[in-house]
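Please look at the sequence and the structure before reading on.

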Amino acid sequence: MAFATADTVSQHPDPAVSGRPASRVRAAARLTGRLPEPGPERILMTSTLVNTVGNGMFMTSSILYFTRVVHLSAARAGLGLTLAGLIGVSAGLFVGDLADRRGPREVQLALLLLLSVTTAAYVLIHDFAALVLVAAVDLLANGAANAVRGGLARRIGGEGAAAFRARLRAVTNGGIAVGTLIAAVAIDVDTRLAYELLILGNAATFLLSAAMLRRLPHLPPLPRPAKERRWGAARDVPFNAWAVVNGLMTLQYQVLLIPLPLWVVSHTHAPRWSVALGMLVNTLMCVFFQVRVGAAVTTIGQGARAFRNAGCFFLVSCPLLGLLPDVPEWAAVLLLAAGCAVHTTGELWHASGSFTLGYDLAPAHAQSQYQGMQGLWSSLLGSSLAPAILTLICIDGGQAGWFALGGFFLLLGVATVPVARWAERTRPTHLPHAPAAPRVATPA
């Protein structure tokens, strides 16, 4: 679903952006939750909002387009997207390194233009092979863009990068919600043209987002310290150990999307519309509470404890959802809403912890590269494996599987604390923290 809070990563201003003290920005964000004053932060937030409206349109309607218009079976469409996803997972690491060496703004602009083309190409697919080809290129570009966006947010957010990314995540959920409502109209029309307009509309949002990002100032690459070898993210064993744990924890993002709808429809007395209620609870909580939860996660230690908190909430939410078959319809609706609320609280803590740890454990000169490595493990262990693993555990495993899943998330949360301490101890002392982002006057 699926950016944590006032981040105290750095006390060093970026020579490229200066202006309002970061503490004032963080205080205003906590109290009002409104857009920041005109400048790079507002540009990235509005660009993200526009882009995620398009994403919401496509996410909501894509499986219906593949099955009802392209006439692929749901299984074939799922297999094609899985194969394409496996092809695309490595792009973030390599393109992230390019962004660190060339500047994240220019690389992100190129990726947004590419994504507008790859997204529009979905209207041309007519069979399974075409789906795999188009989706593979699209997901390669998307994975790269996610890594570069993380590094771009780090440079723009500066000292408050984790807080800024938490606000971006709230904006993302709001944009997806709007896009979902737009898609609902087209789904109700249920014609080829309606679905194709959603796809082309999504492609247009990439172009509009790129046009907005052109107003950002150039962010020059930060020099790599002489003692640091290239591809440090791939060589950083403690960071990768944390990234693996985080990747497994990202399975939680798929729980409300994959096993819960199947569980509700096939095994409980809850009405089918209650699945949408659960998603509504999740989206609204992410929009309104992500920044507030993230405000408590500003250091590596707090980031690790945020994972532990998340595990505790998942230990409660998964069994609650597993108990749905044992209650009547009215109680099942209430229990589902409560379970989704508890699960989303865990999601908020997990997201906040992952933003802070992902930024604080990465050196200043390689933020996008480290974001790409983190994304690689999340894609491999979370997104790609989620359908098979969660279906096996929660649907085939029944109620015992739901209880086991909660215990699994708790173990991951507890394990994060020593892993994060190990990673923190092994950070090179000669590496500076990432500087604050430039706050130069934004070009007209």
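In which helix is the place of Arg305? Arg305 is found in helix H14, where helices (H or I, at least four residues) are DSSP runs numbered from the N terminus. The model is predicted, so local features need pLDDT of at least 70 and side-chain atom pairs count only at pLDDT 80 or more, while totals for chains, interfaces and linings use all residues. Residues are numbered from 1 along each chain as its sequence is written, and side-chain values use heavy atoms, with hydrogens and water left out.

**Positive patch**

- Arg305, Arg308, Arg421 and Arg425 form a positive surface patch; patches are made of residues with over 30% relative accessible area and no salt bridge, like charges being joined within 9 Å.
- Lys and Arg count as positive, and the place of an Arg charge is taken as CZ.
- At least two residues of the positive patch come from each of helix H14 (300-322) and helix H18 (398-425).
- Arg305 counts as partly exposed because its relative accessibility is 39%; buried means under 20% relative accessible area, exposed over 50%, and partly exposed in between (1.4 Å probe, protein chains only).

**Salt bridges**

- Side chains of opposite charge can pair when their charged atoms come close.
- The whole structure contains five salt bridges, each defined as a side-chain nitrogen of Lys or Arg within 4 Å of a carboxyl oxygen of Asp or Glu.
- One of them joins Asp190 to Arg68, with the closest N and O atoms 2.6 Å apart.
- That pair links distant parts of the chain, 122 residues apart: Asp190 is in the loop between helix H7 (161-189) and helix H8 (192-213), and Arg68 is in helix H2 (residues 40-69).
- Asp190 is partly exposed at 28% relative accessibility, and Arg68 is partly exposed at 47%.
- Arg169 and Glu347 meet in another salt bridge (2.4 Å, N to O).
- Arg169 lies in helix H7 and Glu347 in helix H15 (residues 329-360), so this pair ties together parts that are 178 residues apart in sequence.
- Arg169 and Glu347 are both buried.

**Cysteines**

- A disulfide is a covalent bond between the sulfur atoms of two cysteines.
- The structure has zero disulfides, a disulfide being a pair of cysteine sulfur atoms within 2.5 Å.
- For Cys318, which is in no disulfide, the nearest cysteine sulfur is that of Cys394, 6.6 Å away.
- Cys318 counts as buried because its relative accessibility is 0%, whereas Cys312 is partly exposed at 39%.

Notes: Patches are made of residues with over 30% relative accessible area and no salt bridge: like charges are joined within 9 Å, nonpolar side chains (Val, Leu, Ile, Met, Phe, Trp, Tyr) within 5 Å. Accessible areas come from the Shrake-Rupley method with a 1.4 Å probe; for residues, only the protein chains shown count as cover.
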